[in-house]
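Dear colleague,

My findings follow directly after it.

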Amino acid sequence: MTQIGYLGIDVSKGYADFILLNDSKETLGKGYKLYDNRQGHESLFNRLQAAKVKYGLDQIICGVESTGGYENNWYNSLWEREKQISIIIKRLNPKGVKHQGASKMTRTITDQVSARNISLQLIENKDKILQHPTPDLKQSQARRYYRYIQTLNQQKTAMTNRLEKLVYSAFPELLCYARHGMPNWMIKLLLKYPDYQSIKKAKPSSLVKIKGITKDKIVKLKSLAQHSVGQPTDVLLARTISSLAQQIIEITEKIKEEKLFLQQHYHSEQVSLLEQTKGIGKYSAIGIVMEVENVERFESGAKMASFFGVHPVFKQSGDGKVKARMSKQGSASYRSTIYMAARNVCIHNPYFKEIYAKFRAKGMNDAQAIGAIMHKLTRVVFGILKSKKPFDAQVDQNNRNKKLQQQKSKLAQMDQKQILKEVEMIKNAPCSSRTFKRKKAELQPQTP
């Protein structure tokens, strides 16, 4: 019988705690702490080899939590030595490890206790964890770069929000042009003219040089500045607004530069497949691939949609029934990426444009219809990456027709007498009028 050891690794900044268990959840030796340097890594390899001999282990499965990057050095070192010392290294979801500790009703949490919880997670979910494919190193490095670009976007959003609050004091009427976000011309305007006083004094010939400002807009701006209720600004507030505008312009250019660099230097089969879907650009394709990581970890498109929180959910209790909405559980980064892709396919892809129109015809507003397209597109992405074939609208339409036929066939096979009997039972049940109407509506289309 194969003897397996389970090494839990709890990573902290600069060091990690280790504990080794066997199949019976017994501790093999004492837990120990090693530092994240060459001596610590070599000591770990020597300890693992010694443990295999001492306890007669054929293999050691190592688990490390995803901790925002601190685990990468340990993970990469063990991954490079997998074949050499017969070990397997897997990266675990911290949420699962947390629930593992909660299920054991652990009162005190220490680094050693956390390492033990990781080992227990490996033991109790070994088959499922081992099925997870090893991440591609090239993709992992690209993901870090992608996250860096996202960080720049977050910084830009924070600065823009701060600028909006300042403009509200200096020239509130200007914000009528920023109901859907600050346009580029406004930020360039604030760089040179940070308040209503400076705009009132500005020459039209100077204002018209700013791209996006027309002569008609100059007249409107002058009129707004003339009757503004904004506070008179001093040199410090004006400087703050100008500096923020300058930073936003610079970071916007930086984001464009980094996006272009990523598109030029990252290429993969998955990105190429997604790009062939009309409406999905290269950067969106890269973003989707970075978030999905490896499609093999999902059993179906529905499970992938659920993982990223784009599936519909509703809460029902008694007579009450809350309207369906998007789950929004999971990666917000994925949802922002698939949102832009959904917007684009609804504009440029006739197939998705038709589906969007059908949702609107059913009474959905724009946001609801786009949410439904996000769910649909996620399942399409799963099919593309799983089959390794580009999107074919006819194949998707055939699948939809097949599912519809199966539903009709199931209804046709239902016992009509049983349905009528259930309708009669509802009439005599002491349920509320709301429940009665809903159940009758569910059953009525199925009656002869």
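The lining of the second largest pocket in this predicted model comprises 21 nonpolar, 12 polar and 13 charged residues (Ala, Val, Leu, Ile, Met, Phe, Trp, Tyr, Cys and Pro count as nonpolar, Asp, Glu, Lys and Arg as charged, and the others, Gly among them, as polar). A pocket is an open set of points on a 1 Å grid over the protein atoms alone, where a 1.4 Å probe fits, with protein on both sides within 12 Å along at least five of seven lines; lining residues have an atom within 4 Å of a point. The volume of this second largest pocket is about 1600 Å³, taken as the space filled by probe spheres set on the points, which are joined across faces, edges and corners. Of its 46 lining residues, Phe 359, Ala 372, His 375, Lys 376 and Arg 379 lie nearest the centre. Helix 18 contributes the most, 14 residues (helices are DSSP runs of H or I, at least four residues, and strands runs of E, at least two, numbered from the N terminus).

The largest pocket has a volume of about 2000 Å³. Its lining has 10 nonpolar, 19 polar and 14 charged residues, and helix 7 provides the largest share, five residues.

Residues are numbered from 1 along each chain as its sequence is written. Local features need pLDDT of at least 70 and side-chain atom pairs pLDDT 80 or more, while totals for chains, interfaces and linings use all residues; side-chain values use heavy atoms, without hydrogens and water.
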